[in-house]
Amino acid sequence: MSNILALIEVSSNGDLRDSTSSLLAAAARIGSPVAVVVTRPGAGSALVERLGNLGAAQVVLAESDQAGTLLVTPQVDALAAAVSTLAPGAILTVNSVEGRDVAARLGVRIGAGLVIDAVNLRSEGLTIVATHSVFGGAYTVESTVQGRPLIVTVREGAIEGPADAAVPVVTTVSLTSDARNSAVIDEVIDLVVTSTRPGLRGATRVVSGGRGLGSPEKFALVDQLADALGAAVGASRAAVDAGFVGQTCQVGQTGVTVSPQLYVALGISGAIQHRAGMQTAKTIVAINKDADAPIFDIADFGIVGDVFTVVPQLIAAIESR
Ligand code: FAD
């Protein structure tokens, strides 16, 4: 079975991001998962046991003074080093801004082909085939590239599977940073978002609200259901454009793409541009007062009704459990 490198994303507090289990599940689908993690020197060993529990057969700890900064060159260096020693069949990154940046740079560095935004992966002999959901989910297409290794960015949460817990073989690599190529000059943070809710990207549950909520004040109903379910808050573009909620919540073609276990759409019609960002969710629940709303075409469970009548009952039922 060929080695499959999975670039693990680490949050600013040094913890594994939620995308880890999904990326290792994707790697396990086509080979033997090797977790590649870039951390500050000495910080990676605390992550090894959890990576093993999530299915990593091997862990490459790449230590860099630049870990945790906005630079992605350490990740590219770490993967390039692991490619030369482990000869993987594929290299997987999360289809995030960082993951796509790393994947493209690595492709140039090692001369390998790249496919993006895979929602499934399978092996056909030595060939690895990626599945994509395109044109707002209207078509499912497959792609591969000639030669190995193949670099793939994987849609967060799209691939799940039981992990074969392992005690991973650990290798530590020290990366030397070359400040002539890249260095952090200054870091300016102009927006601090403090929320106890899960982030939208990679959330296992998402509650989204649309224009049907009617106003920023009434959009609080979406927050209330999200809190009852421990879910992230999303929105349609119409809700964002109307100022009900910030743009970072927008789900869809020009917003965030999510693949949660549960997606609840409140007062959202289900335009193709919205569906493009959520229709790979495992279970879709829609509440809309229009029985002909297109969202019901893709919903697993649909309630025809007024959100202001249905959702408070739903919250009461959840909280009474
Ligand atoms: P509407 O279509 O107005 O639907 C509101 C729904 O709420 C209706 O179905 C109505 O029956 C229901 N409703 C009203 N009141 C209630 C109530 N009290 N209880 C229950 N139901 C109620 N959209 C996105 O979402 N994301 C994108 O990324 C995106 N990108 C786009 C990119 C392009 C290039 C273009 C052209 C459009 C894009 N759009 C995007 C916009 C998209 O086409 C739709 O206009 C938008 O998704 C509609 O949002 P909505 O469903 O909230 O509003």
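Me: In this predicted model, Ala, Val, Leu, Ile, Met, Phe, Trp, Tyr, Cys and Pro count as nonpolar, Asp, Glu, Lys and Arg as charged, and the others, Gly among them, as polar. How do the residues of the shell around the ligand divide into these classes?

Reply: Sorting the shell around the ligand by these classes puts six residues in the nonpolar group and five in the charged group. The remaining group, the polar one, holds 14.

Me: Which helices each supply at least two residues of that shell?

Reply: There are 25 residues around the ligand, and R211, S236, T254, S269 and N288 come nearest. The helices that each give the shell at least two residues are helix 6 (237–241), helix 7 (272–275) and helix 9 (307–319).

Me: How much of the ligand's accessible area does the protein cover?

Reply: Oxygen atoms of the ligand lie 2.7 Å from an N or O atom in the side chain of R211, 2.8 Å from a polar side-chain atom of Q273 and 3.0 Å from a polar backbone atom of G267. On its own the ligand has 990 Å² of accessible area, and the share of this that the protein covers is 76%.

Me: Turning to another residue, does Q75 count as buried or exposed?

Reply: Q75 has its place in helix 3, which runs over residues 73–86, and, leaving aside its neighbours within four places in sequence, Q75 is in contact with L7, V38, E98 and V102. A residue is called buried when its relative accessible area is under 20%. Because the relative accessibility of Q75 is 12%, this residue counts as buried.

Methods:
Residues are numbered from 1 along each chain as its sequence is written. This is a predicted model: local features need pLDDT of at least 70, side-chain atom pairs count only at pLDDT 80 or more; totals for chains, interfaces and linings use all residues. Side-chain values use heavy atoms; hydrogens and water are left out. A residue is near a molecule or strand if one of its heavy atoms lies within 4 Å of it. A polar contact is a pair of N or O atoms within 3.5 Å; within protein, one must be able to donate a hydrogen and the other to accept it, and residues adjacent in sequence count only if both atoms are side-chain atoms. Accessible areas come from the Shrake-Rupley method with a 1.4 Å probe; for residues, only the protein chains shown count as cover. Helices (H or I, at least four residues) and strands (E, at least two) are DSSP runs, numbered from the N terminus. Buried means under 20% relative accessible area, exposed over 50%, partly exposed in between (1.4 Å probe, protein chains only). Contact means heavy atoms within 4.5 Å.
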